[in-house]
Amino acid sequence: MLSTVIPEKRSKASVKKQGRPSDPVKRQAIVAAAARSFFDAGFAASSIEQIAADAGVSKVTIYNHFGDKRALFTAAVELECEKMRGYFSLDDMPRGSIRNRLMAIGEGMAAFLSRPEMIQFERRIAAETEREPAIGEAFLKAGPWRMKNAFSAFLAHAASIGELIVDDPDLAAEQFVSMCKGMGDLERRFGADVSEETSRHRIKGAVAVFLKTYGAEADHGAAPRA
């Protein structure tokens, strides 16, 4: 009897081990389904039940992975922002001058923020934040603040290798993003059509002003030599 029991136990252990690799796959499916739901319907209208059904898992599986709906929302926003983080990755950054790389970042950011689903999502989040401020804070932490930190790190690296002269990378990051967006962010939010030509003109101007201030060859107010 002992010889029949031992193989049975090993078989169960083997099955359990084989099941573990599926957890990351399930998690990805849940986050992807949640992102679609939050972007399409908003936070308040998205239900764990429907997200579970769309992901092909149970509600219990979602709660086991994330704990609650807000944590799932954070993961979904982080997933969306990963599409943008590639523009700040030192490994994925296109080669060329600092001007060309800043142009690539500005254009990538504009394309990311101008997508209709992103505009719709931001509108919904703004409306839902009035009822539940914690949702707005969760969005800022998972999205804009996270992206700002990545861009700040990029600027700090550029300064460390002598391409820029930046004392406060966080402030410089905010200034660059604000100049690139200009009125475009506000215009799109209220239904105005912003052409690619207009957007590129803004970004080109933002890069020029930024490099005039922070470029390694810019005049940073040093006292004239005697």
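Visitor: Is Arg 27 buried, partly exposed or exposed?

Guide: Buried means under 20% relative accessible area, exposed over 50%, and partly exposed in between, with a 1.4 Å probe and protein chains only. Arg 27 has a relative accessible area of 38%, so it is partly exposed. Arg 27 belongs to helix H2, residues 22-41; helices (H or I, at least four residues) and strands (E, at least two) are DSSP runs, numbered from the N terminus. This is a predicted model, in which local features need pLDDT of at least 70 and side-chain atom pairs count only at pLDDT 80 or more, while totals for chains, interfaces and linings use all residues. Residues are numbered from 1 along each chain as its sequence is written, and side-chain values use heavy atoms, with hydrogens and water left out.

Visitor: Which residues is Arg 27 in contact with, leaving aside its neighbours within four places in sequence?

Guide: Contact means heavy atoms within 4.5 Å. With those neighbours left aside, Arg 27 touches His 65, Phe 66 and Ala 75.

Visitor: How many helices and strands does the protein have?

Guide: There are 12 helices and zero strands. Of the 226 residues in the protein, 35% are buried. Among contacts between residues at least 6 apart in sequence, 69% join residues at least 24 apart. The protein exposes about 13600 Å², of which carbon and sulfur atoms supply 54%; accessible areas come from the Shrake-Rupley method with a 1.4 Å probe, and for residues only the protein chains shown count as cover.

Visitor: Which residues touch the most other members of the largest nonpolar core?

Guide: A nonpolar core is a set of buried Ala, Val, Leu, Ile, Met, Phe, Trp, Tyr and Cys residues joined through side-chain atoms within 4.5 Å. The largest such core holds 53 residues, and Phe 73 and Leu 102 touch the most other members. Helix H6 (residues 98-113) gives the largest share of this core, eight residues. Domain 1 (22-82) and domain 2 (87-217) both give residues to the core, so it lies between them; the domain bounds come from an automatic or database domain assignment. Beyond its neighbours within four places in sequence, Phe 73 is in contact with Phe 38, Phe 43, Phe 121, Ile 125, Ile 135, Ala 138 and Phe 139.

Visitor: Where does Met 103 lie, and what is it in contact with beyond four places in sequence?

Guide: Met 103 lies in helix H6, and its 11% relative accessibility makes it buried. Leaving aside neighbours within four places, Met 103 contacts Arg 200, Ile 203, Lys 204 and Val 207. Met 103 and Arg 200 are 97 residues apart in sequence, yet 8.7 Å apart from C-alpha to C-alpha. Arg 101 is also found in helix H6; at a relative accessible area of 10%, Arg 101 is buried.

Visitor: How many salt bridges does a search of the whole structure find?

Guide: Side chains of opposite charge can pair when their charged atoms come close. A salt bridge is a side-chain nitrogen of Lys or Arg within 4 Å of a carboxyl oxygen of Asp or Glu. The search finds 10 salt bridges. In one of them, the side chains of Glu 107 and Arg 200 meet at 1.9 Å, N to O. This pair links distant parts of the chain, with Glu 107 in helix H6 and Arg 200 in helix H12, 93 residues apart. Glu 107 is partly exposed at 30% relative accessible area, and Arg 200 is partly exposed at 46%.

Visitor: Which residues are linked in a network of salt bridges?

Guide: Glu 122, Lys 181, Asp 185 and Arg 189 are linked in such a network. Between Asp 185 and Lys 181, the closest N and O atoms are 3.3 Å apart. Asp 185 is buried, with a relative accessible area of 16%, whereas Lys 181 is partly exposed at 25%.
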